[in-house]
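Please open the model in your viewer and keep the sequence panel beside it. The tour moves from one selection to the next and says what can be found at each stop.

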Amino acid sequence: MAFQPIKIGSGSAPSMSQVRIEEFLGVDLTNQPSNCDERKSPNAENMIRDVPGKVRKRMGWHTLRKLDSRINGYHPLHGKKSLIHAGTKLYQVEGLAATLADTAPAEVYSAMNDQRSKSWEFGGKLYIADGKALLVYDGETVKTVQSLARVPLVTIAKAPAGGGTQYEALNLIQPKFEERFAGTETDKAYHLSFSGLDGAPVEAEVLNSSGTWVKKTEGTDFTVDRAAGVVNFNTAPGKSPVSGEDNVKIIASRTVEGYADRINKCRFGIAFGVNGAADRLFLAGNPDFINYDWYSGQNDPTYWGDTDYSILGQSDSAIMGYSIVNARLATHKNAPAAERNVILREGNLLDSRPSFPIVNMLQGVGSVAPFSFANLATEPIFLTELGLYAITPSDISGERYSQNRSFFLNGKLLNEPGMEEAFAVIYRDMYWLALNGKVYVLDGLQALQTDRSAPYSNRQYAGFYLTGIPARVMWVEDGVLYFGSDGGEVRAFYTDPTAQKSYNDDGSPIYACWTTPDIFGKNFHRYKTFSQLYVGISAAVATSVRALARERGLWEEQFTDDTTARYFDWSQITWDKWSWSTDTTPQTIGQKIRIKKVDKAAFRVENDALNEPFGLEHINIEFVETGYYK
């Protein structure tokens, strides 16, 4: 959107024009500065939405604790102590910032994968995937799911020689299985469904005449032919004392190489189930099976049926993550843009068993970062090589998706190296994407009309660009945004925008600025003389502003003001920034400037002072256009 200067005056004399900016809608890092909407900035570092249409300096962060290794995840369990994953260890913490800072965390597990981890809560327990072993945390201890996984009942009503009714599938994550037989008075050999049993002890029980299960001991009451999969009782168990019920149950183990690792090596997932219920855990990200995913038993991530999996798309295209759209599970892959990179499934019951058939496949650019998936309002957002995209309900019945949401950030975002390392979180109606010490923000409260350069997207979000945030992982708890770093630091952002102490990063000042687009006036080919520059900034106990102008390619300071917008507050006395003013309303700061005979100019206002907020309310620039530019 080009500038539309307001003309003041009439007649043959040079007329006065002005550019008045009263609404600030984030950055435009993609268009040329000469082609930006005046409400957007081609360079606004560390400025973020205050209320819709107004911006302020972002708040800072402080370190709560430093652990020995990089932070890979944070895992809260409702009503219990939380876990921090650092390097190869899990530490148990209270979870609240004050306690985290004051109490040394207790190490509860030391064999983690030194990679990012994800967690989900089922039945009051937390299940954690790190690409090495699926873990379960009960609030006190951490164990591998493999060590306590449910033993499936694979066959019932089975004759000693075989047959029976299949009841459950084998559990991939552990080797044990149970079979139940209808015994006879003569048969001593009971044939299991599988040969090649493990050396683990075989368990057997027989129902006696009083209806009580009696344990039998291997080597005393029976022997096992493990190669053939046959249990030989010394004495025939006899008929069941209860008509129609099995009276022999046998639990044996049969390890299939690699079965458990199909689950253990998964790195990410989502809760989804029949009719969209979040009662099963879907896992993917196994580097050995890049286009496979598996789903657990209902509310039971200790059970992974060996038939409960899907093969999605081509084998050279990996699953990258999940989102939920209209009670359907969207599985995102990483093939090129011409491929069908979103596979939609729904959850049904088929013959009383869960079924997750594919209902559509959408063409579009593939995802590149498995930890970039997060829901902004009702839209799932994820990172691709072409920027941040969304899948909308209107897309799911179509052939493709094309909802780019980050057009105004793409000028910098798409040049970032290592995009696969990006990490996203939702905080205060904003999508935060951390990458290389920067954060790219989409503002869910400011959805703008689409830019003409992205015509297939029905809207773009206002975007913000933050620096100086070395986040490897991020999370939100009790309204506070936290992050963990590569250096092992656990840090929290301040939450009070009115407090002076909220505006530093571990004691270091935060640089923030807002730059206008190039101002060409109504007639780009005429000389401009800029004569007035005024800025409206939010009042604070201590705040200041420095204003600069770019004239013929060089930035020159126009004025600095560190008194006008300050006011007195007993609760926040800063002696070296004392003010007697009691006016807490936004203040107008400016003066006459002299920039002569240029074809264009740009202006920047900034603040880099320690413990100073900086809120921007208005910018007004006056100039005249005269003769032809030479």
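## A strand pair and its sheet

Begin by selecting Leu 83 and then Gln 92, which is the bridge partner of Leu 83 in strand β8. The model you are looking at is predicted, and every value on this tour is computed from it.

Now widen the selection to residues 82-86, which form strand β7, and to residues 89-93, which form strand β8; these two strands pair in the antiparallel sense over five bridges. As background, strands of a sheet pair through backbone hydrogen bonds, in either a parallel or an antiparallel manner.

Next, bring in the rest of the sheet, which is open, has four strands in the order β6-β7-β8-β9, and is paired in the antiparallel sense. Its edges are β6, at 71-75, and β9, at 106-109, each of which pairs on one side only. If you turn the view to compare strand directions, neighbouring strands of this sheet are turned against each other by 30° on average, with direction ignored.

How exposed are the two partners? Lys 89 counts as partly exposed because its relative accessibility is 26%, and Glu 107 likewise counts as partly exposed, at 42% relative accessibility.

## Further salt bridges

Select Asp 599 and Lys 600, whose salt bridge has its closest N and O atoms 3.5 Å apart. Here Asp 599 is buried, with a relative accessible area of 17%, whereas Lys 600 is partly exposed, with a relative accessible area of 30%; the cut-off that applies to Asp 599 is that buried means under 20% relative accessible area.

Then move to Glu 606 and Arg 604, whose side chains meet in a salt bridge at 3.2 Å, N to O. Are these two residues buried or exposed? Glu 606 counts as buried at 7% relative accessibility, and Arg 604 is buried as well, with a relative accessible area of 14%.

For the last stop, select Glu 23, Asp 37, Arg 39 and Lys 40 together, as these residues are linked in a network of salt bridges.

Technical notes: Residues numbered from 1 in each chain as written. Predicted model: local features only at pLDDT ≥ 70, side-chain atom pairs only at ≥ 80, totals over all residues. Heavy atoms only, no water. Pairing = 2+ DSSP bridges. Axes fitted to C-alpha atoms, helices over the stretch in contact; angles between N-to-C directions. Buried < 20%, exposed > 50% of the residue type's maximum accessible area, 1.4 Å probe, protein only. Salt bridge = Lys/Arg side-chain N within 4 Å of Asp/Glu carboxyl O.
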